[in-house]
Amino acid sequence: MGAPDDTALIPSSDFMAGWPAAADLRDAAGRWRVWLEDEKRVSPHTLRAYLGDVGRFVGFLADHLGRPPSLNDLSAAALSDLRAFQSHRAASGAGAATRARGLSGVRNFLAHLDRAGVLHNAAIGSLRNPKLPKRLPRPLAVTDALAAVDTVETLSDEEWIGLRDRALLFLLYGCGLRLGEALGLTRREAPKGDTLVVTGKGRKQRMVPVLPAVREAVDAYISACPFPLAATGPLFLGVRGGPLNPGVAERQMRQLRAVLGLPDSATPHALRHSFATHLLAGGGDLRTIQELLGHAALSTTQRYTEIDTERLMSVYADAHPRARRAGK
């Protein structure tokens, strides 16, 4: 059972009421949710994902046992039960990445119950994550990324909307922001100088440099916006004056793919990948890029070195006389 999009609005005392679980399990899950929100301060997206993951596991156990599971059932769940849950998800069409993420939510819930002294499940530590296929980020070429930023303004009939979309894409490519980070900016947080404070995953803040062209693009949008921009309200607004929906940026990138002949991988997030890859190609060091992107682990940032290596090998194979002769 997946969590609804408005999970964050459901009172903690009510959100487990519809799950096929015993009262003690629902109460424990309610306390876990409060801990995630108030102490871990996870994002609404992560909260919805975790609740959905555990909800699916609880539903599976209910079917598996033939009754609503309790905390005792959660404690007694064997490795074979956990593997059966993963197999059930795979048979339902969930890919390896989806199953791994789902397992992360279940692990988090059980670990929280263990730390709180509520229960201990010995099997969860023995369950391995599904093997994920190695997927590298797919950045755009420099010319394509710049063309996307400069062309998006022409896709809208209203000038202020075009300026808004250009400012938004420029923040993604010029500062390496995630789409959610850019849309989460308030008017007060709009770049004024050479730096911008960004609130990222887990509400962790980082400072990123702002190019004059990016700042000018944001200023142009602010000046043209027909709606009042409250200091603590969202910086980017939709056509009716409410917070801009991320689907709008995704739709504009789809249009840009058609207009500019960009690959299907050209998404708002690809502009962030492009930011990192182009910095690395220009001589940026991994630690600095890690800080700019807000990656918790350096291993996440290291994926970009593999992209650059692929590019270098491709250039070598195409240009070096020995490489060309060896390929014949």
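Contact, in this talk, means heavy atoms within 4.5 Å. Hold on to that one.

The model is predicted, so local features need pLDDT of at least 70 and side-chain atom pairs count only at pLDDT 80 or more, while totals for chains, interfaces and linings use all residues. Residues are numbered from 1 along each chain as its sequence is written, and side-chain values use heavy atoms, with hydrogens and water left out.

Overview first. The chain comes to 15 helices and two strands. The chain has 328 residues, and 44% of them count as buried. Buried is under 20% relative accessible area, exposed is over 50%, and partly exposed is in between, with a 1.4 Å probe and protein chains only. Now contacts between residues at least 6 apart in sequence: 62% of them join residues at least 24 apart.

Next, helix packing. Two packed helices are described by the angle between their axes and the distance between the axes. Axes here are lines fitted to C-alpha atoms, for helices over the stretch in contact, and angles run from 0 to 180 degrees between N-to-C directions. Under 35 degrees counts as roughly parallel, over 145 as roughly antiparallel, 65 to 115 as roughly perpendicular, and the rest as oblique.

Take α7, residues 159-175, and α11, residues 268-281. Their angle is about 30°, and the axes are 6 Å apart. That angle makes α7 roughly parallel to α11. Which residues meet? From α7, Leu169, Leu172, Tyr173, Gly174 and Cys175; from α11, Pro268, Leu271, Arg272, Ser274, Phe275 and His278. By class, this contact has seven nonpolar residues, three polar and one charged. The classes are simple: Ala, Val, Leu, Ile, Met, Phe, Trp, Tyr, Cys and Pro are nonpolar, Asp, Glu, Lys and Arg are charged, and the others, Gly among them, are polar.

On the α2 side, the contact is made by Ala49, Tyr50, Asp53, Val54, Arg56 and Phe57. On the α5 side, look for Arg101, Gly102, Ser104, Gly105, Val106, Asn108 and Phe109.

On to the cores. In soluble globular proteins, nonpolar side chains tend to be buried together. A nonpolar core here is a set of buried Ala, Val, Leu, Ile, Met, Phe, Trp, Tyr and Cys residues joined through side-chain atoms within 4.5 Å. The largest has 48 residues. Leu171, Leu177, Tyr221 and Phe236 have the most contacts inside it. Elements giving two or more residues include α6 (142-151), β1 (195-199), α9 (212-224) and α10 (246-260). Which helix gives the most? That is α7, with eleven residues.

Zoom in on phenylalanine 236. Setting aside neighbours within four places in sequence, its contacts include Arg164, Leu168, Leu171, Tyr221 and Pro243. There is also a second, separate core of 30 residues, which includes Ala28, Phe60, Leu82 and Leu103.

Now charges. The whole structure holds nine salt bridges. The criterion is a side-chain nitrogen of Lys or Arg within 4 Å of a carboxyl oxygen of Asp or Glu.

Arginine 166 pairs with aspartate 150 at 3.1 Å, N to O. Arginine 166 lies in α7 and aspartate 150 in α6, so the bridge ties together parts 16 residues apart in sequence. Arginine 166 is partly exposed at 21%, and aspartate 150 is partly exposed at 42%. Asp150, Glu153 and Arg166 are linked in a network of salt bridges.

Two further bridges. Aspartate 165 meets arginine 164 at 2.9 Å. Buried or exposed? Aspartate 165 is buried at 4%, and arginine 164 is buried at 3%. Glutamate 181 meets arginine 178 at 2.4 Å. Glutamate 181 is buried at 6%, and arginine 178 is buried at 13%.

Last stop: arginine 138, in the loop between α5 and α6. Arginine 138 is exposed, at 54% relative accessibility. Beyond neighbours within four places in sequence, arginine 138 is in contact with Ser265, Ala270 and His273. Aspartate 264 is 126 residues from arginine 138 in sequence and 10.0 Å away in space, C-alpha to C-alpha.

Definitions and conventions
Helices (H or I, at least four residues) and strands (E, at least two) are DSSP runs, numbered from the N terminus.
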